[in-house]
Amino acid sequence: MKISNAARLIFWLAAILAIGILVRAESSEKRANIGNMKSAPLRIVDQNGRPAVSGVPSATSQIVDVAVGPDFAFHPDTVNISVGDTVRWTWDSNLHSVTSGPSCQADSQYCSPNDTMCFPGVLSNAGTVYQHTFANAGSYSYFCLAHCFLGMAGVVNVTGSCAQSGWSAGPDMPTTLVRAVGVYFQPAGNFYTVGGRTSDTTGSDFQHVLQYSPGSNNWTQRGVTLPDNQMNNMACGVLTVLGTPSIYCVGGSAAGAATATGRVFSYNPVTDTATTLTGDDWPGAMGTILPGGFTVANNKLYIVGGFNINVASINQIWEFDPTLAVGAKWTQKTNTPVGIMYAPTCTINGIIYVGGASDWDTVGATVIDTTNSFSFDPAANTIGTIAAIPRATGETRGLNFNGRMYVIGGGRVAPNPSNEIDVYNPGTNSWSTDLPFNNARRNFPTDTDGTTHIWLSGGYDIDGLTPLASMEIFCQGGGTPTPTPTATATATASPTATPTPTAECSPSPCNTPTPTPIGSPRAIPTPRPRPTPPPRP
């Protein structure tokens, strides 16, 4: 019986394919230093919750090796190093890249094969070696240009050193400043304040950007003038478009105003330029609504809740994707369990967490603090239940610091404003406290590099009236005490604060489980007496 040419061709193609698979499998078995492809990155931390350094550090610096392939993964996909260390990637198969950036969006911070042509990136073949030395602390995501959609991604966690662990005073800002947004811009290694106002007087809106440079330990006012005077209570975060990361800001109001804008603009710290987006105003503003909590997840900015000025809190969630077409960047998601505003919010491993929030007391016509706490999964578009923060707070930020949510002071109803740091551990669904900062305050710009430093500045003093220019810096070194556990409140999504009718009612405004905190309880600092702030528009 004769076999057709087509049948012979099919037979030989199948044989060649089978041989190739067997050879590749045998080659993979011989690589003792390469594990199976992991379903999720493994984050190793030390006793203080900081990323444990990979490998054995030398007296000066070290090189940590990562294999690229031979499957669609980096091995290991998570490395923990110190500032000044180098990661060396070696290709074990063809057509892969190391491209920095989150969620398959190149941000041009570093890339194979030589830190050029980072957008969109360059594919290299087996035998390629690329290395990069990390000069600043932070968490640096990267991916393979060709196979990111298959989950081929990794992260380099870089921790810095501390001359002094804990909180210390930084230099004063050039001006007093309240209701500005703080943003750490990783590509430049600097902390920025965007907008705000210098007082509560009409016309005091600050249409500028201040830059704090950790290397020189000083402040500089940048040359840019921001688009308008509605600079207070904005939502801001770093997003990447076409290889260029920028700070995007949404919404805001002018000092003393009862109206709000939905305007969106981007600010590029490298070029010191601001650009207003046309056709993509925030639909949730509706002329009188300010953003609530805010955070970045998967290169999208999320606004969680909001404040219909002097009327009510809002329960909407909005998603902003800067990479979509004009007029299509906003998507409304599911609602929050209750209305929240000025809510401490951050993202950890793709899940958004809220720990505390302000609310509007319609009887007393004033802003109050609550313990409202919950989670939101952007991918599934679902709300989850978490343990409630042990103290009521609001008008502050939640920060992702080494895989935990740090809620930084804030609040306005006595004994707030506070200097307490409440810490939520998603892995244990529990709350603890870390070292308090010195000067209790609220409505202040703050942010973190994610691994080593937290910066905060300005805001209202403990009296709730006086604008501040002072700065405080947290550095977590090897001697930092482990967070102290606190009693975990029952999970809730309903307000718990007692209204204070005389409180101010003017408009006002976030990447791994770690070991369970241990230690003895820390006494809560006794609040200093302060006058009750009068209502003002």
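Student: What does the secondary structure of the protein chain come to, and what percentage of its residues is buried?
Tutor: In this predicted model, the secondary structure of the protein chain comes to one helix and 33 strands. The accessible surface is about 20,800 Å², with 57% of that area belonging to carbon and sulfur atoms. Of the 537 residues in the protein chain, the buried ones make up 55%.

Student: Which residue of strand 17 stands opposite Ser266?
Tutor: Strand 16, covering residues 264-268, pairs with strand 17 in the antiparallel sense, and four bridges connect the two. Within strand 17, the residue opposite Ser266 is Thr275.

Student: How many of the residues of strand 12 are buried?
Tutor: Strand 12 spans residues 209-213 and is mostly covered. Val209, Gln211 and Ser213 point one way from the strand, whereas Leu210 and Tyr212 point the other way, and all are buried. The count for strand 12 is therefore five of five.

Student: Which residue in strand 13 is the bridge partner of Tyr212?
Tutor: Strand 12 has antiparallel pairings with strand 11 (residues 190-194), over four bridges, and with strand 13 (residues 218-221), also over four bridges. In strand 13, the bridge partner of Tyr212 is Trp219.

Student: Which residue in the turn of the hairpin formed by strand 12 and strand 13 has a positive phi?
Tutor: Strand 12 and strand 13 form a hairpin in which four residues lie between the two strands. In that turn, a positive phi of about 55 degrees belongs to Asn217.

Student: Is Leu150, which belongs to a nonpolar surface patch, buried or partly exposed?
Tutor: The patch is made by Phe72, Phe149 and Leu150 and has an area of about 320 Å². Leu150 lies in the loop between strand 7 (138-143) and strand 8 (153-159). Buried would require under 20% relative accessible area and exposed over 50%, so Leu150, at 38%, counts as partly exposed.

Student: What kind of aromatic pair do Phe401 and Tyr406 form?
Tutor: The structure holds 25 aromatic pairs in total. For Phe401 and Tyr406, the ring centres are 5.1 Å apart and the planes stand at 70 degrees, and planes over 60 degrees apart fall in one class. Phe401 and Tyr406 are both buried, and their pair is edge-to-face.

Student: What is the angle between the ring planes of Phe437 and Phe444?
Tutor: Phe437 is buried, with a relative accessible area of 3%, and Phe444, at 3%, also counts as buried. Their rings form an edge-to-face pair, 6.2 Å centre to centre, and the angle between the planes is 65 degrees.

Student: With which residue does Glu395 form a salt bridge?
Tutor: Glu395 is buried, with a relative accessible area of 3%, and lies in the loop between strand 25 and strand 26. Its partner is in the loop between strand 27 (404-410) and strand 28, so the pair ties together parts that are 17 residues apart in sequence. The closest N and O atoms are 2.6 Å apart, and the partner is Arg412.

Notes:
Residues are numbered from 1 along each chain as its sequence is written. This is a predicted model: local features need pLDDT of at least 70, side-chain atom pairs count only at pLDDT 80 or more; totals for chains, interfaces and linings use all residues. Side-chain values use heavy atoms; hydrogens and water are left out. Two strands pair if DSSP finds at least two bridges between them. Patches are made of residues with over 30% relative accessible area and no salt bridge: like charges are joined within 9 Å, nonpolar side chains (Val, Leu, Ile, Met, Phe, Trp, Tyr) within 5 Å. Accessible areas come from the Shrake-Rupley method with a 1.4 Å probe; for residues, only the protein chains shown count as cover. A salt bridge is a side-chain nitrogen of Lys or Arg within 4 Å of a carboxyl oxygen of Asp or Glu. Buried means under 20% relative accessible area, exposed over 50%, partly exposed in between (1.4 Å probe, protein chains only). Rings of Phe, Tyr and Trp (its six-membered ring) pair if their centres lie within 6.5 Å; planes under 30 degrees apart count as stacked, over 60 as edge-to-face and the rest as tilted.
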